[in-house]
Amino acid sequence: MNDDQSRSLYGRALDAMPGGVNSSVRAVRPYPFFIERGDGGHVVDADGNRYIDYVMGYGPLLLGHDLPDPVTAAVQQAAAEGPMYGAPTEVEVELAEFLARHVPSVEMTRFVNSGTEATVSAVRLARGYTGRDKVVIMQGGYHGAQESTLVEGAGSDTHPSSPGIPDSFAEHTLTVPFNDEEAVWEVFEEHGDEVAAVMTEPVLGNYGIVHPVDGYLETLREVTEEHGALLVFDEVITGFRVGGLQCAQGKFGVTPDVTTFGKIVGGGFPVGAIGGKTEIIEHFTPSGEVFQSGTFSGHPVTMAAGLETLRYAAEHDVYDHVNSLAAELREGLTDICADQAPAYTVVGTDSMFKTVFTRDAPDDLGNQCGSGCRQRESCPRYDICPKTGGDIKRADTERWERLHWPAMRERGVFLTANQFESQFVCDAHTEADIEETLEAYKEVL
Ligand SMILES: *Cc1c(COP(=O)(O)O)cnc(C)c1O
């Protein structure tokens, strides 16, 4: 595989940008390949190598790289009319109305420019609304590059996970292991009247893909309600992907107070959003007192791309297509792992998938979850499959990154850069892509 252009571009990039990239996950070793263009479910790199793309921009590209005509037309029109104004436009009202129609918890939405901005604003809103300072998050959960959640440690013994964040920020953040009902009750027993919110992804999508155990999300709903704290679902990945237009909260039947969105809702352009009940969301300025503002918020090009992408998904069989292809992929992977790497766990739901290089195999694989781990108690993997972010960390992450990723790349399959990040099937992927991908896994696993 020829790499000359990418290698030389990375040489220039290292002089011009820290680590040669603008988002750390892109700096795969020894150096990343540079993308020249997308083509449906594929990307082509600067040296002309072609890959089946399961990174999909790390989540935003539900439809793949070739946007359908109505989406392209709306984006081009919005850009041609003038990029942005600093005054309201109809398209942002339409997108907010669309969210209110489809997402159970959402009556009102504030649009921002990234998932990080959404979770920052959601935490500020929860604190302002409740008059409390503490937030509870999941160990190994990811909510973007924000001070309150870049935190390590257990319970109230937490510290910042990055230099540049004062210890005093982490003091207000409590962590619990995902899927551990007892731990969250305990934290609330001790700190209940200081907790503004529990924030979690309904399915962990930045830590290997961890499905909730039966009843866990309901427990979070119950404990927050009992203690007067808000439940915030970070649906930046799962929004408009898991459960389709109703999002993961609709699929699991648990309605949070506040939801953060990003990724798909901007149709491939920079976006974030905070949605919820009117009574809560109206605490944002100018209707309320919790400061929230942004020059680019509700950007017309982004709003047009998001609205037309979601309309397209509503009017076509996008979710059927991506979900059934991904199910086929997960089922194929489950069979391949059973034959070649019985310790590995295939995870994912809807159009998300990943192989987690877990280290223990059950004695008998009969009746295991067949299309991605569902935390089924009757599954022979149940006691050893990943339930928390920590379980993913204990997998063979080095093997995944150093041997598995490059070998898949060598065979023309572009996976996310490490064991932790989810991978995505898009509407442009085909049956042939899935078959080719499974052949590659068969050679590599
Ligand atoms: C990607 C992501 C974020 C951060 O979004 P950015 O747009 O990268 O700032 C926050 N939360 C979750 C769950 C995410 O997957």
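## A salt-bridge network

Lys 277 has a relative accessible area of 37%, so Lys 277 is partly exposed (buried is under 20%, exposed over 50%, partly exposed in between; 1.4 Å probe, protein chains only). Asp 257, at 10% relative accessibility, counts as buried. The two form a salt bridge, with the closest N and O atoms 3.9 Å apart (a side-chain nitrogen of Lys or Arg within 4 Å of a carboxyl oxygen of Asp or Glu). Shared partners join Arg 221, Glu 225, Asp 257 and Lys 277 into one network.

## Basis of the model

This is a predicted model: local features need pLDDT of at least 70, side-chain atom pairs pLDDT 80 or more, while totals for chains, interfaces and linings use all residues. Residues are numbered from 1 along each chain as its sequence is written, and side-chain values use heavy atoms, without hydrogens or water.

The whole structure holds 15 salt bridges. One of them pairs Asp 3 with Arg 409, at 2.9 Å between the closest N and O atoms. These partners sit 406 residues apart. Both Asp 3 and Arg 409 are buried.

Glu 94 and Arg 311 also meet in a salt bridge, 2.9 Å from N to O. Glu 94 lies in helix H3 and Arg 311 in helix H10, so the pair ties together parts 217 residues apart in sequence (helices are DSSP runs of H or I, at least four residues, numbered from the N terminus). Glu 94 is partly exposed at 24%. Arg 311 is partly exposed at 28%.

## Helix packing

The axes of H11 (residues 318-340) and H14 (residues 431-444) come within 10 Å and cross at roughly 20°. The helices are therefore roughly parallel (angles under 35 degrees).

Definitions and conventions
Axes fitted to C-alpha atoms, helices over the stretch in contact; angles between N-to-C directions. Helix = DSSP H or I, 4+ residues; strand = E, 2+ residues; numbered from the N terminus. Parallel < 35°, antiparallel > 145°, perpendicular 65-115°, else oblique.
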